[in-house]
Each structure stands twice: as structure tokens, then as C-alpha cells.
Amino acid sequence: MIGSSSRELSRLLACSRREFLRNAAGVTLGSTVLRSPLARAASFPKKKKVVVITFGGGARDQETFAPEGQENVSNMMRELIPQASFFTQVVNRGILGHYVATASLATGAYETINNFASLPPENPTVFEYYRKDLKRPSSDVWVVAPSNGFNRIGESNHRSYGGGLGARVLLPKHLLTAAISGSSADYEHLLRDNYETPYYAPELGGREFELQQLERLLKLSVDDFKAHARTLSSPDELSVYIARQLMRQVAPSLLWITMHDIDVAHAGAYSLYIEGIQRTDRLCAEMWKAIQSEPEYAGKTTLLILPDFGRDADNDSGGNGFQHHRTGDALSRTTWLMALGPGIREGVVFDRALQSIDLVPTLGAMLGFSPSLAQGESIAELL
Amino acid sequence: MLPRELKPGQFNGYPPEARKLATANIAALQQLPLSFLPGLLREVIDYDFKFPAERKALEKELANLSGLSTAQIGEWFQAFAQIVLSPQLEHFDWVNSPAQFVEQFSAHLWTTHQLDAFRIAATGYADRMHAAVPQESQPVPRLGISIIGQGVGWYNEPLFRKLRAHGAYCTRVKPENGLKMLLDAVAARAKAHPAPYGHWYIDGGQAADHDPALTCVSYGALEPARTALLRKVQSEVGKPGMGPETLRTVMAQMRPADLGMSQTGDPVLDRFQVRLLTEGSGTQIFSTSFVQWAAREALRRAQPLTLLVRFAPRQRQKPMNELLTAAHDRPELDLTGSLVDADMGAYYNWLNQQRLPGAEKSSFLVWFEDHNSALVAGPAMPRGTESSTAADLKELLTWIL
């Protein structure tokens, strides 16, 4: 039966990640015995911040944490894993499209919205829970998202939430397009977009980041922004640059960044997919360094990194290997989660099965809000 | 409408051979669940434009279904019958637009969390069908050849890493006249074992001189069609209300004439080529993606006895919008990236070949063009080994054939 064999494959995937990490990064296997909440409370600072990085464009094991993929994620292997709690088996049981999957990560419920339309999530987002429960201003919650299709990710249309309770969404590519006002020759490499449906990018709807806020909020002149953008090589580099500026100038307590370069895999060029993974690996390490170097974040920030899902297995004849995520097989549904920061156990691997929708309840438990409509469960090992 | 309400006249919109096939098997079709039937009709409606291997497989499948008793149909399709469809899907014109139905049905399966149940049903059905319909033996074991790295002067990283466990890595290949030797060898096979669409040559650039007995598809020859497609897409995208689903439907309905292809060509091969461009992802912009997808589809659909695939350099990555604009400038090439793409593509070519009947007897050769390294795999070759014997491409073929 596929159901049971799929679960078995997910488990084997987890075991292989664990064994590899144990050998390569010297991590230990975590037990389900949990620490005293008092001990954790003592080690966690009062002014907590959380940064979430998701990969909108899944990466498979064999190109990341399997032995042959190690070379592509050297920064995570060398610098992040030894400081992290690593969960080897995070299963996404929802729709494997990047916008809808990211929306599911952000709501803690499997969203069923049209992946390719400019629609808000149907369930309240983590940003709304956080702001409503903790009475936080909009400036405290930001999303840096990869493409126009993600501009509605910050706020649901749920009647008890929505309505100005969401996160502010920054679309760096949209910002750059506005800044260069038509002459894009020097910036084309930063404006790559929409690999799942390359022919179609939804028009912006909902709230947009106004160009003048570039200067007011990010303390960045249009000229400086353009000059720095010229030194970058990809849309995700642009996103991280903007995120770092945001951290420096606004210091939101909840910052959500969605990477997207890896999703170039849809074009079928393996070398570009690998380059995307290597770049994302480097950018994740840079973000962790930024967290440690920014006074507003150092010592009080938890960083969580997870892909939204994986990609199809080579041996599934229904797919075309790394190129897509259409089969719903175990490899495309199973991914991982890494958590770093104060109070998080370092160098520990957990291979019990989680769901990707467990993220929001976990953030709720970490930050002290109640995601009442989320379907997942909080990850006890991180609390 | 439900399958039991099917009437022969409803197939009047099908091409002639497809109509005959559907009406001849209507009694069986009427018994199939709606979660299954449109997927089958999607194949039937294209029957007139299918390769011989596909036609034979479809005929056998329908003959087998027609031979099942009502009780057996119930047993075979029990899992499909459990899939819950929406009223919108039930009212869809799935007889005349089965492909569009399947697309919407797929979205429905994802949304309603029934995809896993459908996978179980589909795999179970395929297993039963394989057991019930014996596979045909081939007149000669299959041979796959992939040529990668065209134009790359020097490459320091290991190649064929995913294939090494399955064959012998050869480090002293004599590259002189290698391409010609391989093309001559596949031409000889085509003449010795003639079969329509049985021996293929796919090239990522302009096809080299080759024997007309080979079915040839090349990225270079399709340039006018690719340009026409990108222009059409650009004009469609600008229309009000256009979204990705609608655009996909528009592309799926494109025919060779829509892309300026000659009306005197081979209608089966021309349809195949149009589908490579309209259904493949990245095939319109990257020659390496085109070649890998073309090889996959040729293997899956035509099940050739011989397939020679030559990758060529693709254009360097640019913003998607620019790649999709049919530019006339000579594009900058990414030689090393193309080699990496092709190395993986060769592995996929081997994987796809091994999915076909007779895999245990099939052979495979991949060569780094104009260089000294290659890998050969086949029943006669020890796996996971390395050979430092000096040999040209013709000799390498004798090792595996």
C-alpha cells in the first residue's frame, strides 16, 4: 500500500538524514525526554524575537543533507547544524504549490487557496495571532516575500482576524522595479520571478509597500538601494539585503523571509537548481550571523529554517525528478526543520515525524500567543 | 454526466480512429468510475496521433477492460470509486475535453486531500494491468546513448557520479570521430531492425548528418516553432482575465499549424514536438531541458529500441521575462552549466530507459563529447568498476551490445 510505504519512506529519509548528520556534523540523537519548563524559562530572554526562513522551492535530500548533497550546504553543515536542533522528518500533507504551502506554514492549517491567484490565506496567519493577542503594532511583524504572488501572505480574510491585523509585506523585487522606474538593464538578474508559472505573474493587489517608505522606514535612499542592488546576484540576495536593512532600522520581533531561488528547478536546468541551493545555504548562514551581530537581535532571537516541501523523487515515474513537486510522493512531502537560538538545544537531531503546520503552534508557545485555529501541534522539543 | 450515460454519438468530436476505438469499447467505458475514465479518454482522443507502441498498449488495455466481468470491474476499480468528485466535475464536458478535466480533477484531489488515495488506486490499477497484459519482447535489446558536454574544453569535477554504481567508468576513451561512430552504429541498428519510430536521434542544437532511418528531433530545427510559441504566449498573457490555468489550456490546444509547422510533415512526430514545447517546462528556453524532456517522452511514449541523445549548450540564465521574450540576438551560452545539466539528464535518460520492458537486457553509454571519459552499463558490464583500457566509441559499443 502506498500510504504505509510512503510513511516508511519518510521514516527512512529521516533516518538517513540523522545518520548522515551524526557522522558529518557530530550531532547527537535527541530523546523525547523534555527539559523542565523552568530551565528553559531561565535560559530564554524576556524580549524574544523570532526569524523564520522558508524555502519557497523545495530542495531534496540528495542535493542537501544526504552524503552526496553535503557539498551544496556546507555553511549549514559546518556553522548552523552544530548549533541547532534539527528535525529530520517534517511532513507537508497539504497542497504542494509554493504560495499555498507557504500560506499553510504561516497559518498552521492546510490552506486550499488557488496557488496562482492573488488571494489571502483563509485561516488567520501567525502574524495576526501575534499582533492581536499581544497587541503588537504593525511595525513589529514583517514578511519579506519573493514575488508578486506572495503579496497577500501577511493577512488572512478570516472574519475574526484580517482587517489590518496582519504583517507588513515587503516584496523586494517590486521595490526594485519601482526604484529603477523602467530602466532595468543593470538589475535583470534580480528580477527573476515565478518559476512555477513563468508565463504569468499576478498583478499586485492588497497592500503594497510604498516606495517612499524605503527612505522613511529602511533609511535607504533610492540611489543607495539601486547602487547596492547592482552588487547582488539573485532575487534571494536582494531579499536578504532588505531583511537585514529591516532588522537594523525597524527590528521587528517577528520576521518571516521566504527564499525562492531554488525554484528555478522548474526550468529543468540542474546546475541552476544546485546554484540556488548553494546560494540559499550561504544566505541562511549570513542571516544567522546578522542575527548575532545586530544588537536588537543578538542573544534573544530564535531562527527557524525550513523548506515548504521537497521535490519529486528520481524513481517516481509520475514525475521528472528534481524538476517539479507534482507527484505527492514521500520525497516531495518530507522535509526538515532547523532551529537555533537561546534555549534551543544545540547539535541535537530529532527524527520523530512532525508536520509543517506544527510551526505556528510552536511559535505561539515560544512567543506567548494562542493560534486557536491552527491545526498543528507545538513542537515540545523546542519549548 | 456520469459514465453509464455515455452514448456512441458523444464521440463524434473525436478524430476518426479514436472515435472507432471508443465506440468499439463503449460497453466497458460505461462501467468505469468518473475518477478514472477521463484519464483513459485523454489517451483515446489522441489515438490518431500516437506512436505504434502507445497505440498497441491502449488497444490492449481497452481489450482487457472489455473482457472483465461486471464483478471484476467492481473489484478493479473499487479504490477509484471511493474518490469523491465535486458536482462541478460531474457536470464538466469530460468526454470532449478529458485533458482539461484531468487538470481540474488533479487540483480537486490536492484540495480535498485525496491525492494519496488516488495514487494508491492508480498504482494498484497499473499493477493489475501489467499482470493481465503480458509485455512484448523486443527484437533486440534496447540501447541508449547520451552525449554530454559539447563545447566544454576542460572540466575538473567528476562526471557520471550517479551512474557509476550501475556500470563501468572508462577513462581512456579515444574521442576521434566519436559522434560519427555513434551515429553510424544507431543507423546500422535502425537498418537491421526496422520499426516505425523505433530508432531516435535527439539533438540539443542543430542535428548532425544522420541516416534518414532515424526519427530525428532537434532543438535547432524547432527554433521557428519555439519563437512562434513564445510570441503567442506573450500575446495571450496580455489578454484580460488570463491566468495560468487558462493559459495552460490554450497551450494544450495548440497544433503544429498554430506554430507555423509545415502541413506536409509527419503528423504524429509534429504533434509530439509541439507537446514537448507546450507541455514541457523550460523546454522553450533551455536546450538542455528540451533534450532531457524529449528523451523522457520519446522513451515513455515511443519506447524506441535505440535512442541517441546529444546535449548541446543552453543559453545563460536571464530573468524569466527576458528568456520568454523571443529575442533575435545570439544568446550567451553557459557551457559548464550545460554540462552539469546534461550529466544529470543522462542519468535520467538511463532511469527512463530502465522503466521500459526488457530493462534487464538494455545497455547504455554516456560520453563526454570530444573527451576521454565515458560510462557503459549493461548486462555484460560489471557495475561500479573503472576501465583504463584504451578504446574508441565503436569499441565501447561492442562491450555492451
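Author: Among the contacts in chain A that link residues at least 6 apart in sequence, 73% join residues at least 24 apart, in what is a predicted model. Chain A comprises 12 helices and 9 strands, and of its 383 residues 58% are buried.

Within chain A, the part to look at closely is the pair formed by helix α6 (residues 172–180) and helix α8 (residues 222–229), whose axes come within 10 Å and cross at roughly 115 degrees. The crossing of α6(A) and α8(A) is left-handed. On the α6(A) side the contact is made by A:Leu176, A:Ala179 and A:Ile180, while α8(A) contributes A:Val222, A:Phe225, A:Lys226 and A:Ala229. By residue class, this contact of α6(A) with α8(A) consists of 6 nonpolar residues and 1 charged residue, with no polar ones.

In chain B, the domain assignment gives domain 1 (3–132) and domain 2 (143–400), and the C-alpha centres of these two domains of chain B lie 31 Å apart. Where the domains of chain B meet, 8 residues of domain 1 are in contact with 11 residues of domain 2. On the side of domain 1 of chain B that touches domain 2, α4 (52–66) and α8 (98–111) of chain B each supply at least two residues, and the residues of that side divide into 5 nonpolar, 1 polar and 2 charged.

Technical notes
Residues numbered from 1 in each chain as written. Chains lettered and ligands numbered in written order. Predicted model: local features only at pLDDT ≥ 70, side-chain atom pairs only at ≥ 80, totals over all residues. Helix = DSSP H or I, 4+ residues; strand = E, 2+ residues; numbered from the N terminus. Buried ≥ 20, exposed ≤ 12 C-beta atoms within 10 Å, placed from the backbone. Contact = placed C-beta atoms within 7 Å. Domains from an automatic or database assignment. Nonpolar A, V, L, I, M, F, W, Y, C, P; charged D, E, K, R; others polar. Axes fitted to C-alpha atoms, helices over the stretch in contact; angles between N-to-C directions. Left-handed = near helix turned anticlockwise from the far one by under 90°.
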